[in-house]
Amino acid sequence: MKSATPPNGHLRQRPTPEREFTMRFTSTPRGARLARRLVSHRLNDWGHPYTTPVNETLTLITAELTANAVRHGHVPGRDFRVRLTLAEGTFRIEVTDTRAEKQPPSTPPTPDSVSESGRGLHLVAVLADDWGVSPRLAAPGKTVWAKLRVRQQGHPHTQRVAPDPTDVELLLATASLLRDDLGSRPEAARHGGRRR
């Protein structure tokens, strides 16, 4: 972890976001997948297409943080929250869960070459410009966050001229993603034009 909460407990003021996306998800693998997909869609809407390094990097960071929230931060009956902001050329992804006693290590351990797990925070530390853990304000839990600065290349960044999606468009996109997940499972096979 590159940053920590200051010893006096006061958190630094963050700049006002130019763009923001916040949503709660069920603390399940399906909720983590949906969070990852919606972050990628939102980045695309904000002018960072799916195949750009910014979109791919933030999507991977989101996948790791949400998987950890489901695996290590799960409290029965409680959701986790994802917040993506863009302020002053820096993206910040936050994943908040309700489990305060299970804190990630301040320095991710070096992954074991034969282990099938334990690489998530190591990937976040390598990909992000900064990351850390903050206590959840006004409730039990924690927020694991990561920052990624948008690097300017030799030419100016061209913004998409499309407006932000409305809530209806976001709900339609969410429903479409859920249908995609259901349709990919064998038990969702169609019988007589209907799903069972």
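**Contacts and their labels**

Author: Arg92 and Glu94 are both buried. The model is predicted. Salt bridges with shared partners join Glu20, Arg81, Arg83, Arg92 and Glu94 into one network.

Reader: What makes Arg92 and Glu94 a salt bridge?

Author: Their closest N and O atoms are 2.6 Å apart. The cut-off is within 4 Å, so the pair qualifies.

Reader: How do you know that Arg83 forms a salt bridge with Glu94?

Author: Here the closest N and O atoms are 3.5 Å apart. The limit is again 4 Å, so this pair counts. Arg83 is in strand 2 and Glu94 in strand 3, 11 residues apart.

Reader: And what makes Glu94 and Arg81 a salt bridge?

Author: The closest N and O atoms are 3.8 Å apart. That is within 4 Å, so the label holds. Arg81 lies in strand 2 and Glu94 in strand 3, so the pair ties together parts 13 residues apart in sequence. By this rule the structure has 6 salt bridges.

Reader: Why is Glu94 called buried, and why is Arg81 called partly exposed?

Author: Glu94 has 4% relative accessibility. Buried means under 20%, so Glu94 is buried. Arg81 has 30%. That falls between 20% and 50%, so Arg81 is partly exposed. Arg83, at 15%, counts as buried.

Reader: What puts Arg92 over the face of Trp145?

Author: Arg92 lies at 4.4 Å from the ring centre. The distance cut-off is within 6 Å.

Reader: Turn to the rings. How many aromatic pairs are there?

Author: The count is 2 aromatic pairs. One of them is Phe25 with Phe80.

Reader: Why is the pair of Phe25 and Phe80 called stacked?

Author: The centres are 5.7 Å apart and the planes are at 25°. Phe25 is buried at 4% relative accessibility, and Phe80 is buried at 1%.

Reader: What makes Trp46 and Phe91 a stacked pair?

Author: Their ring centres are 6.3 Å apart and their planes are at 10°, so the pair is stacked. Trp46 sits in the loop between helix 1 and helix 2, and Phe91 in strand 3, 45 residues apart.

Reader: How do you know that Trp46 and Phe91 are buried?

Author: Trp46 has a relative accessible area of 3%. Phe91 has 0%. The limit is under 20%, so both are buried.

Technical notes:
Residues numbered from 1 in each chain as written. Predicted model: local features only at pLDDT ≥ 70, side-chain atom pairs only at ≥ 80, totals over all residues. Heavy atoms only, no water. Phe/Tyr/Trp six-rings, centres within 6.5 Å; stacked < 30°, edge-to-face > 60°. Buried < 20%, exposed > 50% of the residue type's maximum accessible area, 1.4 Å probe, protein only. Helix = DSSP H or I, 4+ residues; strand = E, 2+ residues; numbered from the N terminus. Lys NZ or Arg CZ within 6 Å of the ring centre and 35° of its normal. Salt bridge = Lys/Arg side-chain N within 4 Å of Asp/Glu carboxyl O.
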